[in-house]
Amino acid sequence: MGKYFGTSGIRDVVNEKLTPELALRVGLALGTYLGEGTVVIGVDTRTSSEMLKNAVISGLLATGINVIDIGLAPTPLTGFAIKLYGADAGVTITASHNPPEYNGIKVWDRNGMAYTPDKERELEGIMDSGQFKRVPWNEIGKLTREDPREEYIEEVLKRISLEGSYTVVVDTGNGAGSILSPYLQRELGNRVISLNSHPSGFFVRELEPNAKSLDMLAKTVKVVNADVGIAHDGDADRIGVIDETGRFVEYEVMLSLIAGYMLRKYGEGVVVTTVDAGFALDDYIRDLGGKVVRTRVGDVAVAEELARHGGVFGGEPSGTWIMPQWNLTPDGIFAGALVLEMIDRLGPISELAKEVPRYVTLRAKIPCPNELKKKAMEIIAKRALESFEYKRLIDIDGVRIENEEWWVLFRPSGTEPIMRITLEAHTQEKAKELMEKAERVVREAIREAQGCTT
């Protein structure tokens with residue numbers, strides 16, 4: 001992680017570490033880095049988003065950069081608008097699935113791909129140097145406002161069409177997806193029922209779309225006899241799915257299903273995922289001509305590998321999907337349309353899901369101050385290799401040890417002060433045994449790292 005940027009841009013508690021002053025410096029640094037051109041900027045529904053957006057815009061204008069403000073906009077719409085308007089970069093003000101007191105700043109390149117760690121480090125260097133480009137009064141950038149929603153829907157409808165019509169319940173979590181996702185589903189010809197789709201910075205549910213947070217969506221799908229439930233996080237770069245029986249479809253299962261559908265639709269090729277994804281994906285797509293490539297966690301890493309391999313699909317086991325035929329921006333709204341097309345072509349999700357292998361996946365979060373993460377990970381790497389009998393080691397992002405029947409991943413969160421443990425095994429008993437050992441390793445490492453710094 002850099003000084004300001006983490007796994008997914010800058011993200012922190014508003015008016016503590018993430019201040020208007022910092023946002024201004026980001027705008028000045030990005031404008032200095034670009035030298036000239038145009039930047040698209042959009043925001044999610046958080047109470048602090050307008051404040052931070054205006055600070056970033058001021059910095060950009062001061063360097064002579066023209067800004068297109070698309071206002072309240074899910075991250076996928078920002079990525080789309082960059083290409084629509086031929087901009088040189090984009091900025092989204094969002095903290096994605098984090099609680100409402102958080103916000104963030106994420107930067108995108110002209111192709112709709114998030115800035116790589118190398119580019120973020122260059123921005124950090126400019127921010128710290130204070131050597132900002134500043135133009136005279138008659139060269140200050142121009143600010144215009146646009147609304148690209150209509151064009152977005154038109155372009156999706158050129159690529160995705162349904163033969164049937166379905167009942168869809170859409171839960172946007174009061175986030176930026178509220179202004180686009182339900183409307184796209186309607187234009188696809190579906191009957192749409194909306195939940196939590198009034199934009200608000202005071203979120204009704206937890207923003208991460210999981211089984212717990214989507215309990216009301218699941219109940220609604222069942223009560224209205226809907227064909228599917230679609231949910232998003234705060235900026236709608238993720239998707240969560242409820243099947244027609246009212247069950248949350250596990251991320252790993254949904255990742256496998258949509259990867260398989262993309263292989264059917266576009267032909268065999270590479271599917272990119274991250275080191276925290278399980279074996280089900282490999283096993284499910286093997287017979288469909290798919291080859292799995294793993295990379296570090298974060299949509300920019302997935303996008304980079306997709307571009308490198310000419311991949312068919314990329315996704316993380318968090319509901320973050322990238323469809324390279326559409327854009328290199330993770331897009332939960334386009335993903336929702338794709339899920340409906342899959343249902344239309346292949347049948348109900350509950351039936352399709354039966355074909356995906358099921359293994360036991362466990363996850364744990366252990367509090368760890370950001371300043372201890374590096375030392376703790378050094379200790380974890382050593383202890384984990386001593387404590388587990390493994391056959392393969394992947395260390396591109398954290399430490400993943402595995403054999404034919406299980407794997408364990410230790411990695412520091414790039415967005416929160418926690419260590420993450422993710423593991424998979426064939427049985428509940430083995431998974432529990434692995435988790436107990438893994439948690440012990442992490443807690444001891446954090447204690448030891450604490451001792452090294454006191």
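The structure discussed here is a predicted model, and the two annotations are taken from the record, whose entries may be inferred rather than shown by experiment.

In the model, Ser96 is found in the loop between β4 (89-93) and β5 (102-109). Ser96 has a relative accessible area of 4% and is therefore buried, the cut-off for that label being under 20%. When residues up to four places away in sequence are not counted, Ser96 touches Arg11, Asp44, Arg46 and Leu207, together with Asp233, Gly234, Asp235 and Asp237.

## Two buried loop residues with positive phi

Ala236 is found in the loop between β9 (228-231) and β10 (240-242). The phi angle of Ala236 is near 60°, a positive value in a residue other than glycine. With a relative accessible area of 0%, Ala236 is buried.

Asn174 lies in the loop between β7 (167-171) and α6 (181-187). Phi of Asn174 is near 65°, which is again a positive value in a residue other than glycine, and Asn174 is buried, its relative accessible area being 0%.

Two packed helices are described by the angle between their axes and the distance between the axes. For α1 and helix α2 (residues 49-62), the axes come within 7 Å and cross at roughly 35°, and α1 passes α2 in a right-handed crossing. On the α1 side the residues that meet α2 are Pro20, Ala23, Leu24, Gly27, Leu28, Leu30 and Gly31, while α2 contributes Met51, Leu52, Ala55, Val56, Ser58, Gly59, Leu60 and Ala62. The residues of this contact of α1 with α2 divide into 11 nonpolar, four polar and no charged.

Helix α1 (residues 20-34) also packs with helix α4 (residues 117-129), at an angle of about 110° and with the axes 9 Å apart. Angles of 65 to 115 degrees count as roughly perpendicular, and α1 and α4 are therefore roughly perpendicular to each other. The crossing in which α1 passes α4 is right-handed. From α1, the residues Leu22, Arg25, Val26, Ala29, Leu30, Thr32 and Tyr33 meet Lys119, Glu122, Leu123, Ile126, Met127 and Asp128 of α4. The contact of α1 with α4 is made up of eight nonpolar residues, one polar residue and four charged residues. Leu30 of α1 is among the residues that meet α2, and Leu30 is also among those that meet α4.

## Helices α3 and α5

Helix α3 (residues 75-84) and helix α5 (residues 149-159) have axes that come within 10 Å and cross at roughly 90°. The two helices, α3 and α5, are therefore roughly perpendicular to each other. The residues of the contact of α3 with α5 divide into five nonpolar, no polar and three charged.

UniProt, in an unreviewed entry, lists residues 366-437 for "domain: Alpha-D-phosphohexomutase C-terminal". Over residues 366-437 the chain of the model is 35% helix and 33% strand, and the end C-alpha atoms are 14 Å apart.

Leu434 has its place in helix α14 (residues 428-453), and at 3% relative accessibility Leu434 counts as buried. Leaving aside neighbours within four places in sequence, Leu434 is in contact with Phe388, Trp406, Val408, Leu423, Glu424 and Ala425. Leu434 and Gly319 are 115 residues apart in sequence, and their C-alpha atoms are 25 Å apart in space.

Methods:
Residues numbered from 1 in each chain as written. Predicted model: local features only at pLDDT ≥ 70, side-chain atom pairs only at ≥ 80, totals over all residues. Heavy atoms only, no water. Axes fitted to C-alpha atoms, helices over the stretch in contact; angles between N-to-C directions. Helix = DSSP H or I, 4+ residues; strand = E, 2+ residues; numbered from the N terminus. Parallel < 35°, antiparallel > 145°, perpendicular 65-115°, else oblique. Left-handed = near helix turned anticlockwise from the far one by under 90°. Contact = heavy atoms within 4.5 Å. Nonpolar A, V, L, I, M, F, W, Y, C, P; charged D, E, K, R; others polar. Buried < 20%, exposed > 50% of the residue type's maximum accessible area, 1.4 Å probe, protein only.
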